[in-house]
Each structure stands twice: as C-alpha cells, then as structure tokens.
Amino acid sequence: MDMRWNLDVLYTSFDSPECKADWEKLCREMDEVKSWAGQNLQSKEDAVAKMETYLIKLTSALQTQARLYSFAELTASVDAKNTDALQLIERIQDQSVELVEPEVLFQKWLGSLENLEALISESPLLETHRFYLSELSEKSKYMLSEREEIILAKMKNTGSNAWTKLHEMLTSTLLVNITVDGEKKQLPLPVVRNMAYEKDAAVRKNAYEAELAAYKKIEESSAASLNGIKGEVITVAKLRGYDSPLDKTLKDSRMDKETLDAMLTAMRESLPAFHTYFRKKAELLGHANSQLPFYDLFAPVGEADMRFTYQEARDFIVKHFGSFSEKLANYAARAFDNKWIDAETREGKRGGAFCYNLHFVGESRIMANYTGSYNDVSTLAHELGHGYHGDCLVDEAFLNSDYPMPIAETASILCETIIAKAALAQATPDEAFAILENDISGASQVIVDIYSRYLFETELFARRENGSLSVQELKDIMLQAQKDAYGEGLDPSILHPYMWVCKPHYYSADFNFYNFPYAFGLLFAKGLYAEYLKRGDSFVEQYDQLLSVTGKQSIADVAAIMDVNVRSVDFWRNSLALVAKDIETFVELASSRQQ
C-alpha cells in the first residue's frame, strides 16, 4: 500500500491555478469582511441582518483560508524544508491579522446587545450558530481595543509563531548520531524515538542515550523558544484580564475548574496502581531494583513479537472497528484506501502523529511514523478516531465544527480501546498479554506522564512570571515532575530530562496545558466504553450524536447527553477503576509467567 498521503483534494501544487486563485479570493474576502464591519457595526439597528451577513462573510473567508493553510501546513509537516509551504504559512499568518479588526468590532458589538438571545431566535441561521454567538458575547469582556488587538496579532507573527516554527524546524531536522549493528549512522529523531519499542534491550538503551545526547545540539534554542512563547502567553493573559494561562485554557476548553480538580484528584489517587505496574514490568525485564529505567517504559514484554505490515494494520483496524459500527469501519477503510494517511518515516518529517480534519471537503488527513509495531497500529487507530470525530461533524456548520481540546481526545481513545478489546478476544495467550500490557502502557502515558507534564507546565508558568528559565532549570523541573508522578515505579537515576524539548505541545501560544485534555479523553472514553458494553448497538447512534454537537456545547452539557456528571470525582474514579482492574490482571499474569 502507498504510505504517503494525497493532497490533490486541496491543490495539486503551490503553483496550480486553483491555489493562486484561492489566494486572490482570500485577499478579496478579507477586505470585504473588514470593510463591511467598519461600515455596519456602528449601530445596533437591523442587528439580526447584520449578524447573518457577518456569519456568511466570515465563514466564506475562513473556509478559503483553511484550504490554503491546510495544504501548506500538511505539506510542511512531512517536508520541513519545503520553502513554498513555509512561505505560504507565513503569508497566511501575516494576512490573518486583517481579520482581527472586524472580529474585534463584531465581538464587542455583539457583547453590547442587551437582547441577544431573543434576536438569535428570529433567524434559523442565527439559531444554528446560537452557541457560537453566545460564547463570543460572553468572551467579549476579555477583548482589548481594536488597535491593541491588531498590534498583538501582528506581534504574534514575529513572536510566538516564529518561536513555534523554529522549534518545529529544530526537532524535525535533528539528526541523531547512533551506532546500529556496529555501523555509525545519522537517523531522524522520530526513527530513534521509535526504537523505544524494540524487543532488544540494548537497542532501546542505545537509542535513549543517543536521543538525549542529540538534544544537547538544540537545548538552548529550544529553551529560548519555550521562554519566548510562555512569556508572551503570560503577558497577553494578564492584559485580557484572565486569572492565569490555566484560567484562559479552561474557558477556551469550555470546561470549569471544578471538573479539572475532580479529574486531577482521581488521577492522583490512582498513581500507586500505576507504580505497581511499572515495578512488575521492571521485574519482567530483569531490573534488580524493581524500578523501570525510562528507556524501558515502552519495552515489549512476553514472547509475542507482534508486527504488522501496513496492509495488515489496515485490515486489522477496519475489521475491529466493524465490531463497534459499520460507519466507523467504512470511515477507516476510506482513509486508508483513498490515501488520507502519510505513515512513512523519512527525514524532514515531523515526529509523532496527528489528524487534521478538513471539514470544508468532508475529509481528513492523518500523519504517523509507522514502523510495524502493535503500538503503531494503536496510534493509527487513535488518529482515525480523531478523523471519525470530524466525519460526525461534516453536516454541522463550519463555525460549529471546532471542538475544545478535552473532548477532542474522546473518539480517538475510544477507538484505541475498541482495537485493544477486540484484539484480545481472538489473541493467543502471549499476544493477549502483549496487548493488555500495551493498553496499560498507553493508559500510563495518558495518566501518569500527562500528570507529570501538567506539573511541569504549572511550575514553568509560575517561574516564568519572574524571568526566563535556563536549560538546567527546565531539566530540573521536568525531572522533579517525573519523580512526583512516576514515584517508585521508575528508576530516579534514569529519567528523561528533555521531555520538554521533544513534546511539541508546549510550543504553541494558543494551546497551553495541552496535557490534561488527554487524560480527560482517556477517562471519558473509558466511561463511555463501559456504557457501550451495557447498551450495545443502541449506544452507537447516541455516541455519534454526542460527537456531532461537541462544537456547539460546553463539555458538561456534551457529557450530560450520556448522563455523565464530569464534576463528580466518582465518575473519574470509576473510569480509573477499569484501568486498575487491567493492572491487577497484568500483575497476576506476569507473576504466573515468572514461576
């Protein structure tokens, strides 16, 4: 199978007539929105018609912008040095400033309407966008003046956006010096990081040491990027009147502090169970002190060496998605067969994996770095879950298709769970043990490692208030966060001080604390899967409905569709109890294998 995606649905090239025409169209539409807002938002007369006109004009401009930006961003993600892509990204970012003034004018005007809810009821178009308009009105109190907003937007392109691009370039082009089979090589960072899943312990340790050594080449530049981004975030949050960057993140996430605190409480309570898992895995791998070195976190255990060709991965995923619903299986088949996935590892390609939903064409694109492990299959299932989420939103208005971070991980982790559970049902004892361990390993990353990342970012923001942090400070904070989260489960002398370099989640001014949403997604998905097991087919239609409204409801209201109270610690405890039960099973099976 072809392991590279096809982007022709967007454009065939940056020089294509369609790409050039859309750039001209975008310039016109931006001018039209700006001109219209300047002329028509000076009074509250004809408010319904004005809201309708604005929504139509804005949607058209944003869809054109999204098509151009998606093409450039997707191209750059697999070819970091593509100058055409990088130039278009920069042009779009520079030009997007033109939308700031009309957006600020409209939001402030909207916030001044005393009878907004009643006005919305007068129009089907406005009713469709009720949540969008109400949320804009509520957030208008955090807006600065038009002039200040424009200045901030322009400065961002030479500030945080520039730092983000620098970090992407550093990590995607970093070559790691490593000896493989007695031969000295230079390999892309994602290839070396994927060696953490290799069966050979010497390979895992060698890759870990080579990875950490490689970061020394970019540690100062990465620290400068991180300090620049977080410093800007703190300044802007204060200017807007937010209590903190976390306060802003929660409001942007349509989530309240009560929900976050309830989830974090349950997560902290669950850490001892994960520590037990790490120590048992350390025993299986022969570590005398029963503490796991960081480089063995993802080591395969058991006799089963589960490897999949890309074709086998495709068939495996489609088949088992079908056990949940035909719609989900059909979506996955389309994604594979229509070249929506770029899975090949190569130099210049970004590490990790992501899904990019293209609402305006009803498709998605998935990037992965596939090497054939079961974990890679699970990762593909995860990203296809994101894509399926987007597929459930296809019939929603464009402005209602943007869902908040915490709910974003629900469909992806549910798909991981489907794959793991379905695979377990037909696996050999050795394969079942490997699948169970992989599932727990994934959960440990989303609970324990994510908790360490939350602790790291919390401390990072606290210290950044007083000035830039040195490389050593960043390393020290990360090590302490890992010790606090992993506890006695990991060898404290063999941790990962550079996790702040390799995780791109820290390097976006728009997505701070992009860590707890993963935990929310895992635990919410676990709870939903338990409901699915109780209700069967009747669950699926309601689940699809839940995904379809995630762009136009708060998280608490979305969860309420399934009669879930996310502000209750007990809900999160119940979900974590499912993982704890898996850990108990793992420990029992591991102990029997040791006899």
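1. Basis of the note. Because the model is predicted, local features need pLDDT of at least 70 and side-chain atom pairs count only at pLDDT 80 or more, while totals for chains, interfaces and linings use all residues. Residues are numbered from 1 along each chain as its sequence is written, and side-chain values use heavy atoms, with hydrogens and water left out.

2. Helices α12 and α20. The axes of helix α12 (residues 219-240) and helix α20 (residues 429-464) come within 10 Å and cross at roughly 75 degrees, where helices are DSSP runs of H or I of at least four residues, strands are runs of E of at least two, and both are numbered from the N terminus. Axes are lines fitted to C-alpha atoms, for helices over the stretch in contact, and the angles run from 0 to 180 degrees between N-to-C directions. The contact (heavy atoms within 4.5 Å) is made by Leu 226, Asn 227, Lys 230, Gly 231, Val 233 and Ile 234 of α12 and by Phe 456, Glu 457, Leu 460, Phe 461 and Arg 464 of α20. By class, this contact has 6 nonpolar, 2 polar and 3 charged residues; Ala, Val, Leu, Ile, Met, Phe, Trp, Tyr, Cys and Pro count as nonpolar, Asp, Glu, Lys and Arg as charged, and the others, Gly among them, as polar.

3. Glu 232. This residue is also found in helix α12, and at 21% relative accessibility Glu 232 counts as partly exposed, since buried means under 20% relative accessible area, exposed over 50% and partly exposed in between, with a 1.4 Å probe and protein chains only. Not counting residues up to four places away in sequence, Glu 232 touches Lys 156, Gly 159, Ser 160 and Ala 509. Gly 159 is 73 residues from Glu 232 in sequence, yet their C-alpha atoms are 7.7 Å apart in space.

4. Helices α8 and α9. Helix α8 (residues 146-158) and helix α9 (residues 160-173) pack at an angle of about 20 degrees with their axes 3 Å apart, and they are therefore roughly parallel to each other. Lys 156, Asn 157 and Thr 158 of α8 make the contact with Ser 160, Asn 161 and Ala 162 of α9.

5. Arg 314. Helix α15 (residues 310-321) holds Arg 314, which is buried, with a relative accessible area of 15%. Leaving aside neighbours within four places in sequence, Arg 314 is in contact with Met 1, Ala 333, Phe 336 and Asp 337.

6. Positive phi values. Arg 254 has a positive phi of about 60 degrees although it is not a glycine; Arg 254 lies in the loop between α13 (245-252) and α14 (257-284) and is buried, at 16% relative accessible area. Lys 339, in the loop between α16 (326-337) and β3 (341-342), likewise has a positive phi, near 60 degrees, but is partly exposed at 36% relative accessibility.

7. Cavity lining. The lining of the largest cavity takes its largest share, 3 residues, from α17; on a 1 Å grid over the protein atoms alone, a cavity is a set of points where a 1.4 Å probe fits but cannot get out, and lining residues have an atom within 4 Å of a point. By class, the lining divides into 2 nonpolar, 5 polar and 2 charged residues.

Conventions
Angles under 35 degrees count as roughly parallel, over 145 as roughly antiparallel, 65 to 115 as roughly perpendicular and the rest as oblique.
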